[in-house]
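Trainee: Could we go through this model together, one question at a time?

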Amino acid sequence: MRSGAAADHVGYFHETAFYHSDDEFVSVVAPFVADGAAAGEPTIVACGDRNTALLRNAVGEAGVRYVSGGDQYTRPGPTIRAYLAMFDELMAAGAAQIRVVGDVPHPGVGSEWYGWLRYEAAVNHAFGEYPLWGLCPYDTRTTPEAVLEDVSRLHPRVADGQGGHHHNDLYVDPSTFVLDHPTASVPDRQRRPPMLVLREPTAREVRDAIRTAAAGVLPEPETDGILVAASEAVANAYAHGHAPVEVRLWRDRHGLVVTVVDHGTGPSDPLVGLLPPDRSEPGGRGLWIVNQLCSNVQIRYGDGFHIELRMTSESSRSLSA
Amino acid sequence: MRTTGTSCSGRGFASHDHLCWIYDDQQSMLDAAREFLREGVAMGHRIGYIGGVGVAQMSEEISRMVRDAGRPDNAGFVADLADMYRWDEIVSPPGQVEAYAAATADALRDGFTGLRVAADATDLARSPAQRDAFTRYEHLIDRCMLDVSFSAMCAYDRSSLGADAAAELSCMHPSCNIRLTSFAVFAGADEGFVLQGEVDVVDRRRFLTALDRIGPAGDGEELTIDATELDFIDHHGMLGLSELLERSGRRAVMRTRSAGPARLAEVLGLGQTLRVEVVV
């Protein structure tokens, strides 16, 4: 039996809340945490340092699992996979409901948003089967207006500071939202000519080019990661896209960017790649792997299907952690 | 350590080696067989040629090799496949392996250091059913060679079998004159196998077929996949390995130099059956 506002809900109860002060954060989130702990439900706090400290102070330690928000929200793909593993473990231990409150990264705390936008959209499906109550509070003091607008579209529920939990009328179908919400801007490095363009290459030719380009820029484990990811993206382009397939390669001091372009319409669900493979359409496993291994993945529709894989040595350090 | 990779001649092979020779013209194959067998004589092995083509020619040559090396007459033999098998016979893999193991034991008992055979097996691998049985046999005999002093050169006529069939057969050998597949898979230590080259979309179907044919040997709980010479494997390849293990209720440790397979195993959640160790 699930406790609280999600008691009669089946599956994922995905809720956001907007707060303007520390007090307001505590007034929304502390009861969520305290009630979960009191009900004996696995209750996970994955917030930034400041919010974690506020909750420790308000609720204490008993019955609450505090994890570092920075460790939990590394990159969208691995974050989803880590949560799924955690939920499976908790379900196996007999959880009736799992409560999670997490600070999802955004530009206000120094992260790019597009990936996390896709994350917020994808979890509606990826976590859909679990008796999960997930609360994603956003700080209106630091979150950009455009991000708040996106957040309000991607959560079917919204909590207020007075203990109220409401249907969110602004919520739209997550896949449709992402399709209608293209990548904000073309990355700068796309505006200069790539160092290499391969037309109709074999996956092996792409790997050879990446090995050469990665020398001196990426350490070996990250090179191995982008080799796997790029091979999967190229195989996907040939299997599911339309010819001609083109691969473009950029290098800078941070690492490599590989864009694979085919002239098909792309996957019908733009969230494929962030959904666990057994639930996605054919080809989903390859894109899932790509999202797990790369530092950053962007997809673009229009004039064919573009998937851009970025691997940097910096973010790869957290990858192997 | 066995010889692996490609070789452009029949020379330089040791007493556990297993070479595949894909040929389009018969004479080049017979040249390689001659080189292979001549070194066998020098190593004190009993040598034999089984054909296929060129039996009469090789009969004379083997007699000469044996005589020139000062070996007894029983140091060499020649056999004609047509006398040994019906034209469309499907070989029994275990039966064939037993026969060669026994022949190797005979050679040792007769005072030789081992047995070396060059065989043109084209006629035993013509139909899909024959090839299915023969590739299974190729793997079993490959495993047998790890343990006994038996080395072989298996020749196949590509111009007659076709490129696809030749590729199916050659990928099960540790060494080959021409690599027709991006990968090779053959017997390894600890009941395991060795995986070399690259496994991706190009030869995915052939790789999965080869895996099905090798199956895991023995009954040990954990076998070893030596992938230290594997340059690349994609997720289909990793899933294929994992499924092979699951079908037989086995686990494996896969040793690689690259971090790619380890990342794939982690992302795909294969850790229960397929543990990857990166070795330097």
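Predicted model: local features only at pLDDT ≥ 70, side-chain atom pairs only at ≥ 80, totals over all residues.

Mentor: Residues are numbered from 1 along each chain as its sequence is written, chains are lettered from A and ligands numbered from 1 in the order in which they are written, and side-chain values use heavy atoms, with hydrogens and water left out.

Trainee: Is A:His165 buried, partly exposed or exposed?

Mentor: Buried means under 20% relative accessible area and exposed over 50%, with partly exposed in between (1.4 Å probe, protein chains only). The relative accessibility of A:His165 is 35%, so A:His165 counts as partly exposed.

Trainee: With which side chain does the side chain of A:His165 make a polar contact?

Mentor: A polar contact is a pair of N or O atoms within 3.5 Å; within protein, one must be able to donate a hydrogen and the other to accept it, and residues adjacent in sequence count only if both atoms are side-chain atoms. At 2.7 Å, the partner of the A:His165 side chain is the side chain of A:Glu15.

Trainee: How far apart in space are A:His165 and A:Ser175?

Mentor: In sequence, A:His165 and A:Ser175 are ten residues apart. From C-alpha to C-alpha, their separation in space is 24 Å.

Trainee: How many residues line the largest cavity?

Mentor: On a 1 Å grid over the protein atoms alone, a cavity is a set of points where a 1.4 Å probe fits but cannot get out, and lining residues have an atom within 4 Å of a point. B:Tyr100, B:Ala119, B:Ala121, B:Phe134 and B:Tyr137 lie nearest the centre of the largest cavity, whose lining numbers 21 residues.

Notes
1 Å grid on protein atoms, 1.4 Å probe; cavity = no way out; pocket = protein on both sides within 12 Å on 5 of 7 lines; lining within 4 Å.
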